[in-house]
Every structure is written in C-alpha cells, then in structure tokens.
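Colleague: I have a few questions about this one before I set anything up. Could you put it on screen and take me through it?

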Amino acid sequence: MHAKGLLVLMATDEATREMVRRYVRYLKLQRNMSGNTLDAYQHDLRKLLDYLKGMGKDPREVQLEDLEQFSAGLHDIGIHARSQCRILSGVRSFFRFLQLDGYRDDDPTELLESPQIGQHLPEVLTTAEVDRLEESIDLSKWEGHRNRAIIEVLFSCGLRVSELTNLKLSNLYLDDQFIRVMGKGSKERLVPISKRAIQELKNWFDNRCKMTIKPGEEDYVFLNRRGAHLTRVMILIMIKRQAELAKITKTISPHTLRHSFATALLEGGADLRVIQALVGHESIGTTEIYTHIDTTTLRREILEHHPRNMRK
C-alpha cells in the first residue's frame, strides 16, 4: 500500500481500517485507478476520517448533516472551491462503496451539494487556425512531417496528449480508418481517424523508417531524434512554438486541439453522448450511455460531422 494510504489507516480504528483496505482494493481492481489517482483519493479520504474521528463517529453512522458540516469546514479553513469539489467527489465515491459493499443500506451523500465554481472555457482553435498551425511547420526539417502528423492526429481524433505519446503502430488500423486508444484507467476505445490524418501519418512514416530506433521503442508511433518515444513536455513545447510562428495569440496546449475536436463535432451537429464516447470522458451516467453506442455509430458521427471529413 502507498505511504499516503498507510497514513489513512494509522488515523483510524481497526473496523474503519478494514473498510479503507477494502475500499482501496476496490479502487485498484474495480476502478482500475493509477497510483497517483489512488494516492489523491486516499489523501482526501484522510481529511474526512480525521474529521469523523474528532466527532467520535463511525463512517457507518454518518448522516447528511455531518457531511454538510464537513463540507462547510473545508470552506472555513480556506480550501479553494475547486479543491472542495474534488474532496467531496472522493467522499461520494467512498460512501457509494460502503453501500455497495454492504456496510450501509443508504448513501448519505445523495443530497450533498458541492460549492459552485466559475465555469472556465478553454481556448478553441478554428479549423483555419489549425491549418495555419500546420502550415507554419518547416517540412525541410527531419521532424517537420512528424509535427504535422502530431497536430493533425490531436485535432482529428481528439486524443489526450498522454494517449498520443503512448500511441503504438500495432494500434493503427489505417485501412479501416480507426485507431485503438489506451485512455485513463487503462480503458481502450476505438476512434475513427480522418483521411487527412492518415496521409500526415504516412508522410511521417516515410521519414521514421530511416531512423535508428532504440530497442523497446519500435512500436511507438512518434519518436524523438534519438529514436525514443516523445514526452508530454516535448509536444507542449512544439505546439507553443508553432503557435508563435503561426501568429496565433491564443494560449494553447495539446489539450486545446482535443477541445477543438469536440467543439467542432458539436457545432457540426454530432450528438453530445457520441462526443463523450469519442474523447473517453468517464462518469457513471455517461458510461451507461456508452454501452449502447457501437463503433458503427461512432464512425458515422465523426465522418459526418468533423470538418476534416466534410466535402468542400
């Protein structure tokens, strides 16, 4: 167990310690959480358990009023509203588990409200701005076609930057116009890829095949000069540099292209639930919806509504 998890256990009695052990096991095995996410959940849970210990209350006895007081206490000690929402999200997860595992018959968090936070809308690039970004790339340099392919795949497929850096040749089905993406929580999804992006990839592959590739890195799509797969920071630096060269004044990052992908589909008339499936957003409600959307529908929606696929 992680060190933060041990701190949680040290702060509680044996019965609660066993609850936490089972909850952590649930997060690891059922929710498939990464180590960092697991640490964050346990760190936030400790705040609740310390509070309950001070009140002399067992998690099985907690009522909505107790949790409202806990929430108010977070505000009183100066925790930012966004952090409050994150902590309360973890609290809801914990009590849902207690109900699921038979520790409780009810979920006291059902009516627990989170603080309101201001809506922050990330920057969006138009298709024309994406074209300017790509046109600013110097194709005479060895990495030119690689960088164009990176930008086009991010925009045409809506990938997270971590999904792009981990994209493998073995997960490309270019003849069928699909790629297989490994998303958060090791969840896979199939994403249609445009003909424009496929062509940019093929242009990059013409240069890639001439490289000396490090052992063990052969399956990665995007490589650096030394033949190893790219990092998130490398891609961030590249995109910011190209934005300056393209004279795009918006503050952009790899995520900007992902958001632009979703926005373009929505403005083109695609169903919001389909967009959520394509970008791999996860929540209890949307996950249930995703099970009813097959890859035929996904393919049709992106081919009909993404600007890269629309007929001029």
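This is a predicted model: local features need pLDDT of at least 70, side-chain atom pairs count only at pLDDT 80 or more; totals for chains, interfaces and linings use all residues.

Colleague: Where does S71 sit, and what is it in contact with beyond its sequence neighbours?

Modeller: S71 lies in helix α4, where helices (H or I, at least four residues) and strands (E, at least two) are DSSP runs numbered from the N terminus. If its neighbours within four places in sequence are left aside, S71 is in contact with Q84, L88 and E113, contact meaning heavy atoms within 4.5 Å.

Colleague: And the whole protein, how many helices and strands?

Modeller: There are 14 helices and 3 strands in the protein. Of its 312 residues, 45% count as buried, and residues 24 or more positions apart account for 60% of the contacts with a separation of 6 or more.

Colleague: Switching to aromatics, how many pairs do you get?

Modeller: Rings of Phe, Tyr and Trp (its six-membered ring) pair if their centres lie within 6.5 Å, and planes under 30 degrees apart count as stacked, over 60 as edge-to-face and the rest as tilted. By this rule the count comes to 7 aromatic pairs. One of them is Y23 with F94, which is edge-to-face, at 5.2 Å centre to centre and with 75 degrees between the planes. That pair links distant parts of the chain, since Y23 is in helix α2 (residues 14-29) and F94 in helix α5 (residues 81-100), 71 residues apart.

Colleague: Why do Y23 and F94 count as they do for burial?

Modeller: Y23 counts as buried because its relative accessibility is 2%, and F94 counts as buried because its value is 0%.

Colleague: What about Y51 and F70, what kind of pair do they form?

Modeller: Y51 and F70 form a tilted pair, at 5.4 Å centre to centre and with 50 degrees between the planes. This pair also links distant parts of the chain, with Y51 in helix α3 (residues 35-55) and F70 in helix α4 (residues 64-76), 19 residues apart. Y51 is partly exposed at 24% relative accessibility, whereas F70 is buried at 4%.

Colleague: Back to Y23, which aromatic cluster is it in?

Modeller: Y23 forms one aromatic cluster with Y26, F94, F95 and F97.

Colleague: So how do α2 and α5 pack?

Modeller: The angle between α2 and α5 is about 105 degrees, and their axes are 10 Å apart; axes here are lines fitted to C-alpha atoms, for helices over the stretch in contact, and angles run from 0 to 180 degrees between N-to-C directions. The two helices are therefore roughly perpendicular to each other, given that angles under 35 degrees count as roughly parallel, over 145 as roughly antiparallel, 65 to 115 as roughly perpendicular and the rest as oblique.

Colleague: Which residues meet there?

Modeller: From α2 come M19, R22, Y23, Y26 and L27, which meet G90, S93, F94, F97, L98 and L100 in α5. The residues of this contact divide into 8 nonpolar, 2 polar and 1 charged, where Ala, Val, Leu, Ile, Met, Phe, Trp, Tyr, Cys and Pro count as nonpolar, Asp, Glu, Lys and Arg as charged, and the others, Gly among them, as polar.

Colleague: Last topic, backbone: what is phi like at Q177 and K247?

Modeller: Most residues other than glycine have a negative phi. Q177, although not a glycine, has a positive phi of about 60 degrees, and K247 likewise has a positive phi, near 60 degrees.

Methods. Residues are numbered from 1 along each chain as its sequence is written. Side-chain values use heavy atoms; hydrogens and water are left out. Buried means under 20% relative accessible area, exposed over 50%, partly exposed in between (1.4 Å probe, protein chains only).
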